[in-house]
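Biologist: Please put the model up. I want to ask what lies behind each label.

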Amino acid sequence: MPRHLVTSALPYINGVKHLGNLVGSMLPADVYARYLRLRGEDVLFICATDEHGTPAELAALEEGLDVAEYCRRQHAVQKQLGEAFHLSWEHFGRSSSSQNKELTQHFARRLDAEGFIEERTIEQVYSVDDGRFLPDRYIIGTCPHCGYEAARGDQCENCTRLLDPTDLINPRSAVSGSTNLELRESRHLYFKQSLLAGEIRDWIDTQNDWPVLVTSIAYKWLDEGLMDRGITRDLSWGVPVDRPGYEDKVFYVWFDAPIEYIGSTKEWADLDPERRDWKSWWYDADDVTYTQFMAKDNVPFHTVSFPASIIGTRKPWKLVSYIKGFNWLNYYGGKFSTSRGVGVFMNDAIELLPADYWRYYLMANAPESDDSNFTWEGFATAINKDLADTFGNFVNRCLTFTRRSVGSSVPGGGIAGDAERELVTELEKRLRAYTDNLDAKQFRKATAELRALWAAGNAYWERAEPWKAVKADPEQAAVILRTGVNLVRFFSLLALPIIPETAGDVLSRIAPDVPARWPTDVAAELEALGPGAPFEVPEVLYRKITDDDIEAWRSRFGGEAEARATD
RNA sequence: GGCGGUGUAGCUCAGUUGGCAGAGCACGCGGCUCAUAAUCGCGGCGUCGCGGGUUCGAGUCCCGCCACCGCUACCA
């Protein structure tokens with residue numbers, strides 16, 4: 001059987017992720033994985049925290065924690081939040097794991113053996129008072145072009161000119177403010193990915209069905225000339241470099257992070273080695289379809305750098321089959337910002353409302369063709385009109401009416417007529433469209449189609465007028481009510497990938513014994529619950545969002561003014 | 001600066017290979033009353049960012065502009 005490997009870009013360890021991070025990688029990966037499982041596919045959904053690098057060290061410093069302890073805690077927080085959002089990964093690992101350490105060192109050795117690694121001595125800015133080398137962006141000073149006094153060493157935020165740290169006037173450490181900086185020489189391993197540029201281009205050339213967003217970013221890097229890159233750093237936190245003379249160095253985070261996709265898979269297998277085989281998913285895995293989900297900032301690493309690391313080993317490690325890239329989710333036209341407290345973070349969101357509310361909204365508004373905009377007004381509309389009124393109300397009106405009319409089990413009697421045949425025809429058409437969109441990873445369109453399916457149920461119910469039939473023609477009423485209860489099941493089943501909590505709740509109450517399988521035969525689905533099948537009526541599924549809620553949340557999380565203020 | 005994306009109804013967005021401009025929301029009218037004042041039906045001429053060009057015909061192809069957003073390799 002063909003197998004599906006699904007990975008989400010690894011969330012960085014530094015703090016709770018916001019809705020933009022969620023919608024750009026973890027959530028769509030989960031929706032897709034859930035969909036494939038319902039279709040009966042063999043799915044492995046892998047994610048992990050990306051824990052290395054200077055930002056993690058500095059965040060730990062700020063909290064007064066050892067970096068390993070900081071990462072341990074933050075990983076637990078992110079794992080717990082992911083589970084709260086019902087992210088159904090088979091494993092949520094850590095790039096600091098021993099498995100990733102071994103694999104990262106293995107990849108470096110392979111690349112070295114194939115002649116893709118060389119040593120180079122480079123000069124880097126060292127902050128004596130901080131006791132560390134500083135990445136470009138952690139050096140600030142006066143911009144030589146515009147005089148802006150807080151320009152970063154990589155780019156001046158004021159005039160947007162690209163800079164080199166040595167360009168800065170009065171350079172100082174962004175960490176401590178110390179001006180006691182010096183250039184120090186350091187020896188590093190470089191990955192000669194320039195030698196692989198042709199092979200990577202050939203490989204990209206064959207990806208005709210990838211989003212333009214993804215291939216255009218890949219070509220941009222290739223067109224500008226793929227440069228060799230350092231894969232080691234002078235830090236203590238990271239995967240140690242197993243090479244004489246490199247005892248005080250670690251692999252650079254860009255190199256070890258993507259390898260953690262494999263590392264995390266091995267972590268998963270090591271938890272149950274009798275039954276799980278990590279390697280068959282990654283090595284000589286021609287039967288595996290591998291789909292990656294990520295926001296656009298991560299695309300260069302997944303189209304160029306990581307493939308170079310894989311191809312360069314000259315061994316049959318698995319290359320990605322399809323990359324789904326996302327644009328940004330903005331907040332009232334501005335950026336989500338941790339430092340300014342603008343926007344909605346996963347911990348805030350889950351405290352306000354259950355996961356399904358967010359999942360539905362985010363999939364219905366996924367930034368697929370362009371950046372999209374989170375607003376509380378748009379959020380309220382999606383929840384109130386779609387979830388509460390169209391789906392929630394349909395479930396409620398069908399089940400409460402049936403219970404009151406004939407009791408808490410599916411009524412027998414009557415024969416399906418034209419109205420039901422018409423319904424089946426429309427549902428077949430829409431199910432095909434919904435399924436096609438999920439296959440194509442077009443989540444926005446898929447969600448719109450799911451909503452249209454729900455609306456078709458309401459339209460049928462209106463046309464059939466069961467409240468009249470109950471009085472005039474009990475046989476006819478039985479057909480309508482039976483169809484209605486089965487529609488509730490059918491719609492919940494289809495909604496499982498997007499809103500697993502509420503849809504699963506409905507299914508457990510009306511069809512606990514019917515296995516949840518992706519439907520193919522609509523007519524058969526509408527008879528899945530036969531005469532006598534008992535059901536429970538769930539509580540009202542979704543509460544509506546009021547104008548007071550909107551006002552309160554807008555002021556709490558920052559509104560238009562704050563989001564735009566510093567852009 | 002370079003590269004990329006986007007620009008279509010009040011709002012959010014669809015528009016496959018060029019062939020009479022679409023959906024949801026909002027708004028208006030009507031129906032229904034089982035349901036979370038829910039739902040169902042009907043109603044859309046909008047300089048398709050601007051200016052040229054190709055074509056019998058351009059939202060769609062070509063050229064040139066403008067605006068907004070993103071990326072630009074030591075943040076990951």
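Modeller: Start with polar contact: a pair of N or O atoms within 3.5 Å; within protein, one must be able to donate a hydrogen and the other to accept it, and residues adjacent in sequence count only if both atoms are side-chain atoms. A polar backbone atom of A455 is 3.5 Å from a phosphate oxygen of RNA strand B. The model is predicted: local features need pLDDT of at least 70, side-chain atom pairs count only at pLDDT 80 or more, and totals for chains, interfaces and linings use all residues. Residues are numbered from 1 along each chain as written, chains are lettered from A and ligands numbered from 1 in written order, and side-chain values use heavy atoms, without hydrogens and water.

Biologist: What polar side-chain distances to a phosphate oxygen of RNA strand B do you find for K445 and D389?

Modeller: For K445 the distance is 2.6 Å. For D389 it is 3.4 Å.

Biologist: Which elements give two or more residues to the surface near RNA strand B?

Modeller: Among them are α2 (54–62), β4 (117–127), α12 (376–406) and α14 (443–464). Helices (H or I, at least four residues) and strands (E, at least two) are DSSP runs, numbered from the N terminus. The largest share, eleven residues, comes from α12.

Biologist: What makes a residue count as near the strand?

Modeller: One of its heavy atoms must lie within 4 Å of the strand. There are 58 residues around RNA strand B, and D50, D136, R229, S369 and N393 come nearest.

Biologist: Why is P512 called exposed rather than buried?

Modeller: Buried means under 20% relative accessible area, exposed over 50%, partly exposed in between (1.4 Å probe, protein chains only). P512 has 55%, so it is exposed. P512 lies in the loop between α17 (500–510) and α18 (522–525).

Biologist: How do you know that chain A is as compact as a globular protein of its length?

Modeller: Chain A has 20 helices and 16 strands. Its radius of gyration is 27 Å, close to the 24 Å that the globule rule gives for 567 residues, so it is as compact as a globular protein of that length. The radius is taken over C-alpha atoms; the rule is 2.2 Å times the number of residues to the power 0.38. Of the 567 residues, 56% count as buried.
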